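Hello,

Here is the structure I said I would pass on. My notes on it follow below.

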Amino acid sequence: MSLPGTNGLEIVHIPHDGGTKVWVYDDVDNVKIGGKETDCALTLVEVDFGPGAGPPPHVHSHEHESIYVIDGTVDILDGERSFTTGAG
């Protein structure tokens, strides 16, 4: 149901165990919501990977990427800049 003044936008609830699991770069990713459901405005993917795992360096030419770390650390490469980020 959309509310007045929201231009037809709707609240979407994805339960903890909801989504579609897919294999990407030797990791199981859980696509919580994808472009099909959001008219390509947003894709939200939950990824759980161990030390040394995760995607190789890559480029997104048509979308932004956000990362939220829940536990541990993740090494980030942004062009010539690299850093390690932790939870939060």
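β4 gives the most residues to the lining of the largest pocket, namely 6. Strands here are DSSP runs of E with at least two residues, numbered from the N terminus. A pocket is an open set of points on a 1 Å grid over the protein atoms alone, where a 1.4 Å probe fits, with protein on both sides within 12 Å along at least five of seven lines; lining residues have an atom within 4 Å of a point.

This is a predicted model, in which local features need pLDDT of at least 70 and side-chain atom pairs count only at pLDDT 80 or more, while totals for chains, interfaces and linings use all residues. Residues are numbered from 1 along each chain as its sequence is written, and side-chain values use heavy atoms, without hydrogens and water.

The largest pocket holds about 2200 Å³ of space, a volume being the space filled by probe spheres set on the points. Its lining has 47 residues, and V47, P55, E65, S66 and I67 lie nearest the centre. β1, β2, β3, β4 (73–78) and β5 (81–86) each supply at least two of the lining residues.

The second largest pocket has about 220 Å³. It is lined by L9, E10, V12, I14, I33, E37, T38 and L42.

There is also an open sheet of 3 antiparallel strands in the order β1-β2-β3; strands pair if DSSP finds at least two bridges between them. β1 (20–24) and β3 (44–47) each have a single partner strand, so one side of each lacks a neighbour in the sheet. β1 pairs with β2 (27–33) over 5 bridges, and K21 is opposite N30 in β2.

Regards

Conventions:
Helix = DSSP H or I, 4+ residues; strand = E, 2+ residues; numbered from the N terminus.
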